[in-house]
Amino acid sequence: MGWSVAQNGEKEMSNGQNGAELRLVTPGMAIGPLAGKRVGSGAIAQNDTIIATRLGWTKEFNNTVSVDPINSAYMPRSGDLIVAVVAEVRNNLWFMNINGPFQGLLPMSLAPWKVEFGAARQHMGIGDVVLARVQEVDECHNVVLTMKGVGLRRLNQGTVVNVPINHIDRLRGEGNATVQRLRDASDTRIIIGENGRVWIDGDAEGTAWARKAVALTEASGHKTTFEAELSALEQNAPKKGDA
Amino acid sequence: MGGYGDVQLLRDDGLRLDGRKIDEMRPVAIEAGVLPAADGSAMVTHGLNVAVAAVYGPMEAHPRKIQRQDRAVIDVRYNMAPFSTSDRIRPGYNRRSREISKVTAEALESVVLVERYPRSKIRVEIEILAAEAGTRCVGITAAAVALADAGIPMRDLIVGVASGKVEDTVVLDLDKAEDNYGQADLPVGILPNTGEIAFLQMDGDLSPDEFNLAMEYNFKAAAEIHEIMVDALKRRYEGGEN
């Protein structure tokens with residue numbers, strides 16, 4: 001099974017990911033010979049062969065072979081902007097659901113308010129949604145969040161939509177072009193969390209349209225027909241794209 | 001097993017009671033992504049066996065005492081539905097399901113890259129909806145497809161398959177009568193790409209030659225099932241990157 005052998009679902013690599021074809025692989029499948037290439041995420045080297053460890057699309061970029069998984073859990077990285085939900089409140093910290101395997105911890109020292117010991121509940125309770133940033137992640141997956149920073153705050157209004165992690169880039173588009181288009185067309189504020197949660201805020205009509213557009217981007221963002229589909233949807237947009 | 005020597009399991013023409021050759025497998029069909037609420041799922045139909053596997057996680061392992069600081073734990077729950085056999089099965093965990101859950105978890109741990117998720121748990125639920133011998137193998141196959149569907153990193157898929165001995169003849173993939181009245185049963189979990197064995201049990205007696213032949217049959221069947229597994233996973237996402 002060499003590099004040039006086409007498998008089911010072979011596709012052309014998009015611009016900017018030069019060097020190889022996209023190919024659907026399953027765990028254990030040989031992607032190709034190691035031959036001086038570096039092994040990226042979703043693959044391992046075994047007996048001079050690169051083996052896929054996840055179900056996904058192979059990618060070669062800068063001599064590094066990796067697999068873009070089709071499904072994956074959110075694994076937080078330092079600096080990620082996320083939409084988190086308060087899961088537990090203690091006297092001096094909050095445990096946040098970050099849509100990943102582990103809860104994140106927001107200590108009162110990293111909250112945007114001056115919080116007295118025992119007064120954490122007065123600022124945020126269970127179920128409150130916040131825009132936060134991942135401060136640090138250690139090797140045991142302890143996640144510390146921060147709300148100190150520009151724009152980080154409690155989200156008191158709007159709605160949150162879940163999107164699979166691997167569709168986030170698709171929703172964002174090249175240089176945030178797609179999400180900006182959705183914002184303009186629906187006259188809503190849209191914030192995409194790296195953890196697969198999208199916050200949408202606007203009037204009812206705009207929010208409903210934006211949800212529809214997010215669903216369309218999620219389903220068809222990779223297809224050549226996406227542009228036409230989105231343009232058709234924009235005809236029914238509250239602002240009809242003239243914002 | 002082996003206590004009913006007067007039951008005829010091979011026909012005079014050398015075929016088995018259901019018309020299969022001695023090295024022929026029952027028909028297998030696999031579908032991935034059958035349960036929308038699960039992170040990954042699969043349904044495997046193998047002969048008259050029907051198994052559904054669902055994978056949830058990785059998630060934080062609770063209670064904390066089960067956490068491993070350097071790896072994830074795989075929590076498998078194998079269960080046979082009360083209606084899966086002709087005699088109703090009493091619902092709930094029993095000695096057999098506990099044993100199969102344990103050996104399945106150990107087999108899956110050898111292929112899943114558990115070190116990627118310290119302190120976490122990957123929950124695998126295997127429900128046997130219809131049983132006709134070889135359910136542990138069908139459960140392992142379903143779990144492997146569900147794990148791959150959930151995006152859990154694995155170094156290979158794992159295929160569950162069994163051979164056995166009836167009327168002093170080694171046969172592949174025992175059906176219910178052969179399982180009940182045969183002389184031996186050899187279920188294995190095979191990693192098809194590397195040829196490694198992740199799980200092996202043997203019930204009854206096989207000579208070394210019979211054992212080797214049974215393993216040869218198992219490897220041949222594993223390669224066939226593996227193709228069906230890969231096809232099921234690809235079929236789920238065919239039509240473009242999803």
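1. Helices here are DSSP runs of H or I with at least four residues, and strands are runs of E with at least two, each numbered from the N terminus. On that basis, chain B of this predicted model contains four helices and ten strands. Read from the N terminus, the elements of chain B follow the order β-β-β-β-α-β-α-β-β-α-β-β-β-α.

2. The radius of gyration of chain B is 18 Å, close to the 18 Å that the globule rule gives for 242 residues, so chain B is as compact as a globular protein of that length. The C-alpha trace of chain B spans about 55 × 40 × 35 Å along its principal axes.

3. As to the interior of chain B, buried residues account for 48% of its 242 residues. Of the contacts in chain B between residues at least 6 apart in sequence, 70% join residues at least 24 apart.

4. In chain A, four strands form an open sheet in the order 1-6-7-3, with mixed pairing. Its edges are strand 1 (24-25) and strand 3 (38-39) of chain A, each of which pairs on one side only.

5. Strand 3 of chain A runs parallel to strand 7 (residues 64-69) of chain A, and two bridges join them. Within strand 7 of chain A, A:Thr64 is the residue opposite A:Arg38.

6. Between the two chains, 26 residues of chain A are in contact with 31 residues of chain B. On the side of chain A that touches chain B, 13 residues are nonpolar, ten are polar and three are charged.

Notes. Residues are numbered from 1 along each chain as its sequence is written. Chains are lettered from A and ligands numbered from 1 in the order in which they are written. This is a predicted model: local features need pLDDT of at least 70, side-chain atom pairs count only at pLDDT 80 or more; totals for chains, interfaces and linings use all residues. Two strands pair if DSSP finds at least two bridges between them. Two residues are in contact if their C-beta atoms, placed from the backbone, lie within 7 Å. Ala, Val, Leu, Ile, Met, Phe, Trp, Tyr, Cys and Pro count as nonpolar, Asp, Glu, Lys and Arg as charged, and the others, Gly among them, as polar. The radius of gyration is taken over C-alpha atoms; the globule rule is 2.2 Å times the number of residues to the power 0.38. A residue is buried if 20 or more other C-beta atoms lie within 10 Å of its own, exposed if 12 or fewer, and partly exposed in between; C-beta atoms are placed from the backbone.
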